[in-house]
Amino acid sequence: MLQIDHLYFSYTGKPPWLLEDISLKVPRGAYISIVGNNGSGKSTLLKLILGFLHPVKGEILCHARRIGYVPQMPSRDHAFPITVAEVIHSYGKLLRLKSFSVKDTLSVTGMEDCAEELMGNLSGGQHQKVLIARALMGHPDLLILDEPSTGVDLSSQREIYGELSRLNKQQQLTVLAVEHNMEEAGRVSTGLYHIDEGRGHLCSVSHYIEEYIKKEGGHVQL
């Protein structure tokens, strides 16, 4: 589905590299969470995969028919007055979908009853559910998310990750997500890609969680 080979990137186009010799293969049907400290380049890697940025060296090969994308939740202090239905309708037009139902689109994440609500009036969890429903329009085979649980209460987090896990397992939707929520990432991921000081490696969920607990002195309930 996705293959990254020996990728180098910095915003200046020269060393020191923010991302150095990054290689990652994401097979179809996998659920890979990208983890690491703040500022390690996780979100930058997503932007490179999506084509918003271009590598200085290396190659990104993506074989997805369509990619769905859920960005980090923006500040809603000055949210544009737009309804949930208008968000879905405008995105359907952008994708040039011949026919789609706002209600059916929102029903995937249980948000059909909020179609006429203003986006700025939604809770963090409701907002993310709308963005996930929007990203699933057109039936993508690769879903990319940037910290999907930021600003979301614990109950909504469980609902969101439960839905992502269901889509991954039942519909074979390939998922790639930048994560800081180690408890949920550990619960739903098939593998973790850890970026540290510009370099990355793929590791098993159990191994990374064990190392994470040792380092942080905390506890992760899986």
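By class, which residues make up the lining of the largest pocket? The lining has eight nonpolar, seven polar and two charged residues, where Ala, Val, Leu, Ile, Met, Phe, Trp, Tyr, Cys and Pro count as nonpolar, Asp, Glu, Lys and Arg as charged, and the others, Gly among them, as polar.

The structure is a predicted model, in which local features need pLDDT of at least 70 and side-chain atom pairs count only at pLDDT 80 or more, while totals for chains, interfaces and linings use all residues. Residues are numbered from 1 along each chain as its sequence is written, and side-chain values use heavy atoms, with hydrogens and water left out.

**View 1. The largest pocket and its lining.** The volume of this pocket is about 380 Å³. A pocket is an open set of points on a 1 Å grid over the protein atoms alone, where a 1.4 Å probe fits, with protein on both sides within 12 Å along at least five of seven lines. Grid points are joined across faces, edges and corners, and the volume is the space filled by probe spheres set on the points. The lining consists of 17 residues, a lining residue being one with an atom within 4 Å of a point. Val108, Leu136, Met137, Gly138 and His139 lie nearest the pocket centre.

**View 2. The open sheet of three strands, E2-E1-E4.** Strands are DSSP runs (E, at least two residues) and helices are DSSP runs (H or I, at least four residues), both numbered from the N terminus. Two strands pair if DSSP finds at least two bridges between them. The pairing in this sheet is antiparallel. Strand E2 (19-26) and strand E4 (57-62) stand at the edges with a single partner strand each, so one side of each has no neighbour in the sheet. From one strand to the next the twist averages 10 degrees, with axes as lines fitted to C-alpha atoms and angles running from 0 to 180 degrees between N-to-C directions. Strand E1 (residues 2-9) is joined to E4 by five bridges, and Asp5 stands opposite Glu59 in E4.

**View 3. The open sheet of six strands, E5-E6-E7-E3-E8-E9.** Here the pairing is mixed. The edges are strand E5 (67-70) and strand E9 (199-203); each has a single partner strand, so one side of each is left without a neighbour in the sheet. On average, neighbouring strands are turned by 15 degrees against each other, direction ignored.

**View 4. Strand E3 (residues 31-35) and its partners E8 and E7.** E3 runs parallel to strand E8 (residues 191-196), with four bridges between them; Val35 has His194 as its bridge partner in E8. Four bridges also join E3 to E7, again in parallel, and Ile32 stands opposite Leu176 in E7. In a regular strand the side chains alternate between the two faces of the sheet. On one side of E3 lie Tyr31, Ser33 and Val35 and on the other Ile32 and Ile34, all of them buried, that is, under 20% relative accessible area, where exposed means over 50% and partly exposed lies in between (1.4 Å probe, protein chains only). Because five of its five residues are buried, E3 is largely enclosed by the rest of the structure.

**View 5. Helix H1 (residues 42-50) and the glycine after it.** Seven of the nine residues of H1 are buried, so the helix is largely enclosed by the rest of the structure. Lys42, Ser43 and Thr44 are among the buried residues, as are Leu45, Leu46, Leu48 and Ile49. Gly51 follows H1 and has a positive phi, near 90 degrees.

View 6. Most residues other than glycine have a negative phi, and most peptide bonds are trans.

**View 7. Two buried cysteines, Cys114 and Cys203.** Cys114 has a relative accessible area of 15%, and Cys203 has 9% relative accessibility. The whole structure has zero disulfides, a disulfide being a pair of cysteine sulfur atoms within 2.5 Å.
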